[in-house]
Amino acid sequence: MAEATPATVESSSLDRTIWHFGPGAADGSAEMKTVLGGKGANLAEMCRIGLPVPAGFTISTAVCARYYDSGESVPSDVADGVRAAVTRLEEETGKGFGNPERPLLVSVRSGAALSMPGMMDTVLNLGLTNATMEGLATLSGNRRFALDARRRFIQMFANVVEGFDLARFEQILEVEQSAAGVETDTELEEASLARVVDNYLALYRSLKGSDFPDDPYEQLERSIAAVFGSWMGNRAQEYRRIHKIEGLTGTAVNVQTMVFGNLSAESGTGVCFTRDPATGEDIFYGEYLMNAQGEDVVAGIRTPKDLGGLADESGDAHEQLCDVRTLLEKHYRDMQDIEFTIEDGTLFILQTRTGKRTARAAVRIAVEMARAGLISEQEAVARIDPSELDRLLHPQFDPEAERTVMTRGLPASPGAVSGRVVFTAEDAKEWGARGESVILVRNETSPEDVGGMHAAEGILTATGGMTSHAAVVARGMGTCCVAGAGDVRINEAAKSFHIADATIAEGDVISLDGSTGEVMVGRVETMAADPGPEFTELLGWADGMRRMRVRANADTPEDAKVARDFGAQGIGLCRTEHMFFGEDRITPMREMILAEDEAARRTALAKLLPFQREDFRGIFTAMDGLPVTVRLLDPPLHEFLPRDEEGFNAVAAALSVDASEVRERAQRLHEMNPMLGHRGCRLGITYPEIYEMQVQAIFEAAAAAKAAGGGPRPEVMIPLVGSVEEFTVLRDRLRRVADEANGDAGVDVIFGTMIEIPRAALQGQAIGAEAEFFSFGTNDLTQLTFGFSRDDIGTFLPGYLEQGVLPEDPFDSLDQTGVGELVRLGTERGKQARADLKVGICGEHGGDPRSIAFFDTVGLDYVSCSPFRVPVARLAAAQATIGKAERDV
């Protein structure tokens, strides 16, 4: 087996619709995924490097669009090309399509440019007719095998091509198994399988109103059409929506000569990974079944065996498979997911693709490959999806917590979850939409369940293995999954399952440990996760590559410590309003609000000053030597008052005033649209004593911290300015307070503003001439730019997304053409006025990787996000720098 020479593809040849591949040669290569799809490109590449790949051809992705343009039919020129390609396969294999003596059978599979495992359709054993089945029986010397292949083909064709309910056919098989007193299809004798085939054909006839097609070319053309049609199937569309896959023209279709894992006891099939996809450990990992076809493994119909056992059952094939593992990982420089079939002891490789993996595995694999010199450190950093890092930081079960283990299955996808049991994908989505944490329990999952799997916190299956549909999809989603829990007996009609004498009904709470396979009754306490040493090493590399700094949004010393431990380089947003809701603070805060004059307000504020000073002292200590941006009080005052009579009476009692006084003040402060009302700098201009107390506390705390040997770096942020005058009036007044509180401490006094009103961005040059920093508050900036309320957008956003009015929720990922343009303008204009203006962002978008990439292009100096998203932002910022460097080359 040799390294491939990259194929040279002329641009004019991309108009081709049919691309051949076969042992030792192929028209395409791995670089042609947009043309051939991922599967077709990798089949071609494996042929080029000398792997044993059954011959076939790929119909390009461009044909998929033509299929829909042609009214969901295969264009006539493509149909002619398919017939010519089949003729070439006949010549290469020495078999005939429809030939009763040496029948050529093929598989028809999908393959988009980006992997979508199980989301589109497959048909196996195509070309079997009444005559060719007899020929296959004679040729193989095994009539039972031919009957088994025939019944599988009828069942798949009926389901995939005709859309008939698979369960109707499974019932026939189950009846025959029951009559024969066996548990699996492999135990059925020839006569039983013959009855199954006859009953399948009769059922097809009753459902279709005509006989099963006996023309292999009709079978092929209709199967190709069905695979193209599955591109716009519900499950494929939902998968693309969940994984934000956009811009693909469609799927390719791969037609490949069949090899049979169910031909004999010396035959088998399996799925393997070049490394453990759950942990990233450098071990050969996978499962197989002897005397089976590939669908038996991935569909969870039978529970497969660990790959290590293959050495005993088919030693030569196992040794060759180990060689394939080494070659493919070295060639692709990434962990591979491989499908293989053994036909009478001979190994064939049917597919390779970049393997889906957990977040922890992704980090470990990238770091270990970089250490080994297989990839560079920059490639390792670029490979990790930043949003995946979030999952490494989520809690795991506390090992000291009490737990009642009901059973164990296979640890298919790590995580630790508790939730209420549901039994259908639809219920998972419905309960999830109500805010319930749910665990989806199934015998096995299928691609139709993908929406419910996404809505569920965890997945439990009674059958299937580590490479079953449930396991692969759950790992890709980062969802906890326990598969193959054989003790689980599900009664879907009663919406319950049984383990021994225990019954768990819909709505009951269970817990899953996806790292051990344990299934527990009730809720189990959790603890912080351990992301592994490779996590720290990878982020260290990222820190050396990124341009932007990363801060955290933190309001307490505890949050500040967590943020610093995660690598935050300061605080970009400290929200002071959260400090006033403590039990010992809310009463003087309300006293200040109820005060009728400035003197009374200052008396109440004097009671709050020590609390504020202590808060800031703790934060400056936790962030010693790093900048801390403190936003002065932002929300309207009515948010600190109760809204009902019980609350009014309680406040009145605490302050020794009449309840009517509290009620009247709350009514006077009530606003029709408080987001646009008396808040932010407007509050500071009306009641400057509030901001004066806060600034006094900030700089007295800073002075004390410095006197104790610390290095406090406070930055005062005035919120919600829309004009330079709002900023300067407050800045000038508050600077005098800061200077007095600072005394001889020598703490730098820095004032800046939060840009969250569109007018402020447009006035960036004027405001930038006065402010020392800008921090874009993209949450409010998004609300005010769109005119959307973040609290109410859920009433119409689903329709906007479904109809393509918006590509995504603008509060999750920045609207780059609207809100982003204001960020760009504000930054450019501000830096025109002050070259050393420091510019950052402190909205939720500061932890979104796509938004971070945009902020890097705009030239922001830092992003700020929640503490647990700091690692995400560190990695995303590095990838933004890498991406810019690549674009500049």
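Helix H23 (residues 645-655) packs against helix H24 (residues 659-669) at about 120°, and their axes are 8 Å apart. The model is predicted: local features need pLDDT of at least 70, side-chain atom pairs count only at pLDDT 80 or more, and totals for chains, interfaces and linings use all residues. Residues are numbered from 1 along each chain as its sequence is written, and side-chain values use heavy atoms, with hydrogens and water left out.

Helices (H or I, at least four residues) and strands (E, at least two) are DSSP runs, numbered from the N terminus. Axes are lines fitted to C-alpha atoms, for helices over the stretch in contact, and angles run from 0 to 180 degrees between N-to-C directions.

### Helix pairs

H23 and H24 are therefore oblique to each other. Angles under 35 degrees count as roughly parallel, over 145 as roughly antiparallel, 65 to 115 as roughly perpendicular and the rest as oblique. H23 passes H24 in a right-handed crossing (the near helix is turned clockwise from the far one by less than a right angle). On the H23 side, Glu-645, Phe-648, Asn-649, Val-651 and Ala-652 make the contact; on the H24 side, Ala-659, Val-662, Arg-663 and Ala-666 do. Contact means heavy atoms within 4.5 Å. By class, the H23 contact with H24 has 6 nonpolar, 1 polar and 2 charged residues. Ala, Val, Leu, Ile, Met, Phe, Trp, Tyr, Cys and Pro count as nonpolar, Asp, Glu, Lys and Arg as charged, and the others, Gly among them, as polar.

H23 also meets helix H21 (residues 586-594): the axes come within 10 Å and cross at roughly 95°. H21 and H23 are therefore roughly perpendicular to each other. Thr-587, Arg-590, Glu-591 and Leu-594 in H21 touch Val-651, Ala-654 and Leu-655 in H23.

Helices H5 (residues 143-160) and H6 (residues 166-180) form another pair, with axes within 9 Å and a crossing of roughly 155°. H5 and H6 are therefore roughly antiparallel to each other. From H5 come Arg-151, Gln-155, Ala-158 and Asn-159; from H6 come Leu-166, Phe-169, Glu-170 and Leu-173.

### Cavities and a pocket

On a 1 Å grid over the protein atoms alone, a cavity is a set of points where a 1.4 Å probe fits but cannot get out, and a pocket is an open set with protein on both sides within 12 Å along at least five of seven lines; lining residues have an atom within 4 Å of a point. Grid points are joined across faces, edges and corners, and a volume is the space filled by probe spheres set on the points.

The whole structure holds 4 cavities of 30 Å³ or more. The largest cavity has about 70 Å³ of space. Its lining is Val-74, Ala-79, Val-82, Arg-83, Tyr-217, Leu-220, Glu-221 and Ile-224. Helix H3 (76-93) and helix H8 (216-230) each supply at least two of the lining residues. H8 gives the largest share, 4 residues. The lining of the largest cavity has 6 nonpolar, no polar and 2 charged residues.

The second largest pocket has a volume of about 800 Å³. Its lining has 34 residues, and Met-675, Arg-679, Asp-780, Gln-783 and Arg-790 are the closest to its centre. Strand E26 (571-575) and helix H30 (778-786) are the elements that give two or more residues to this lining. H30 gives the largest share, 5 residues. By class, the pocket lining has 12 nonpolar, 10 polar and 12 charged residues.
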